[in-house]
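Please prepare a briefing on the structure shown here for a reader who is new to it.

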Amino acid sequence: MKREASFLNSSIGMKVIMAITGIMLVGFVVGHMAGNLQIYLPAHDGVRPLDDYAVFLRTMLHGGGIWIARGGLIVATALHVWAAVRLTKMNRDARPVAYHAPVYKASTLASRTMRVSGAILAIFVVFHILHFTVGKFTPFEEGKVYQNVVTGFQVPWVSGFYILAMLCLASHLRHGIWSLMQTLGFNHPRYNDLRLKLATAITALVVLVNISFPLAVLFGYVKLS
Amino acid sequence: MEKHLNLTLQVWRQKNAQDPGGFKNYEAKGISTEMSFLEMLDVVNEGIIKKGEAPITFDHDCREGICGACGMVINGRPHGLRERTTACQLHMRSFNDGDVITLEPWRASAFPVLRDLLVDRSSFDRIIAAGGFISAPTGSAQDANCLPIPKDNADRAMDAAACIGCGACVAACPNASAMLFVGAKVSHLGLLPQGQPERTSRALDMVAQMDAEGFGTCTNHGECEASCPKGISLDNIAMLNRDYLKASLTYRPEVESGGF
């Protein structure tokens, strides 16, 4: 058997791809959340810090930065989905006949619904890009990020969908962060408690802050002018 | 206090590997709470044989929880709901009068059903043959204590070595993955000095065989650990992942001659 060629086709190799692309995507959602926090900063000389930040993102490295980030994200997402589809197929094939009434003792609803939460997140990402980058669904003005967000989230079904997607992200992220550490072999009795705490903390931070945006708009805390 | 129970068994009956199989109900009357689960099945089988029908086939050997031969999914759980207990060590006092008990074989494509509750677990043997061994001299015995082993490593290796290869981890895993079994074997040998010469090839070859047998992949549910009659820990899966990653990165391909 050719061992060099087998790593990327092995079950553990595919899991490592899931884990490494997962780390990249976790890094993105944390950064994205932190950047968006600028929606709460007051306007300076009539310029919203969030709009300023958007200009920075589009112009850094002479406009190349955003494409480097986008390229990395597209590759990471594609590999994450590709590995998930292959692993799911292996798992389905491994149990052709289901149990009459299986009883679960250790797994969580989150761990058993990673594929569902992942699929909803994939749909959400497409919706989110069409919404705030392309400018579909709600009134949109190029470059007026703050204004687009506020008018966008003032529509209850849009806010509702964002909040639903963030609950899926919470479920996906907590099991995913813990799971990727196990896959990469980060397991030690002195740090094992910390793994779950770290997963919970990152998840809580990202999801609670992200949910606060549509809620702040719906309740009128963040408004136009 | 001994009591007697009347139970209904819903048992998976399947003539051979080709037969699609299906559930059939049996009444188990006057079952003593002192009986083990397999003794209860023996009593039910005697009744079936007297009626001139084929008895329920199930695997068993030592009946004292150490051989790993027995095993069936009892009420949706491998070896039943009791923690750290093999099916043979499960006693009827764990059940109540009037209970309906569902019995199914391990469900995994790598464990084909041979008949009723009996599955073919030779895929585990092939994984062991692929790398679950050490090279040892067979001559005179070494001096005692000539190989220092930290106490902690000896304990962890012993914990991993407690695996009896029953396959409950595969049966419990929603993905029918054998990672806990392979993890236990890799940790057991990899934590000891005697296991070092083959450590790299062991991880690569056992995982390659595991994948070739058609087991699923680990999604870190933890069901395997919860159903293991010997309490094998998920830590062993992390160690397997570490060994496999390290081996994949550092493995040296065989060269025709010379080279380094």
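This is a predicted model: local features need pLDDT of at least 70, side-chain atom pairs count only at pLDDT 80 or more; totals for chains, interfaces and linings use all residues.

Residues are numbered from 1 along each chain as its sequence is written, while chains are lettered from A and ligands numbered from 1 in the order in which they are written.

**Chain A as a whole**

- Chain A holds 9 helices and 0 strands, where helices (H or I, at least four residues) and strands (E, at least two) are DSSP runs numbered from the N terminus.
- The C-alpha trace of chain A spans about 65 × 45 × 40 Å along its principal axes.
- Of its 225 residues, 28% count as buried, meaning that 20 or more other C-beta atoms, placed from the backbone, lie within 10 Å of the residue's own.
- Among contacts in chain A between residues at least 6 apart in sequence, 75% join residues at least 24 apart; a contact requires C-beta atoms, placed from the backbone, within 7 Å.

**Helices α2(A) and α4(A)**

- The axes of α2(A) and α4(A) come within 9 Å and cross at roughly 145°; axes are lines fitted to C-alpha atoms, for helices over the stretch in contact, with angles from 0 to 180 degrees between N-to-C directions.
- Residues of α2(A), including Met14(A) and Phe28(A), meet residues of α4(A), among them Leu73(A) and Met90(A).
- By class, this contact of α2(A) with α4(A) has 13 nonpolar, 6 polar and 1 charged residues (nonpolar: Ala, Val, Leu, Ile, Met, Phe, Trp, Tyr, Cys and Pro; charged: Asp, Glu, Lys and Arg; polar: the others, Gly among them).

**Contact between the chains**

- In the contact between the chains, 37 residues of chain A meet 39 residues of chain B.
- Elements of chain A that give two or more residues to this side are α1 (3-6), α2 (11-36), α4 (65-94), α5 (109-112) and α8 (156-183).
- The side of chain A that touches chain B has 18 nonpolar, 12 polar and 7 charged residues.

**Chain B**

- Chain B is assigned domain 1 (4-114) and domain 2 (122-135 + 147-250), with bounds from an automatic or database domain assignment.
- The C-alpha centres of domain 1 and domain 2 of chain B lie 28 Å apart, and their contact takes 18 residues from domain 1 and 16 residues from domain 2.
- Strands β1 (residues 4-13) and β5 (residues 100-104) of chain B pair in the parallel sense over 4 bridges; pairing requires at least two bridges found by DSSP.
- Strand β3 (residues 73-74) of chain B runs antiparallel to β5(B), joined by 2 bridges.
- Leu103(B) in β5(B) is the bridge partner of Val11(B), and Ile74(B) also stands opposite Leu103(B).

Conventions: Two residues are in contact if their C-beta atoms, placed from the backbone, lie within 7 Å. A residue is buried if 20 or more other C-beta atoms lie within 10 Å of its own, exposed if 12 or fewer, and partly exposed in between; C-beta atoms are placed from the backbone.
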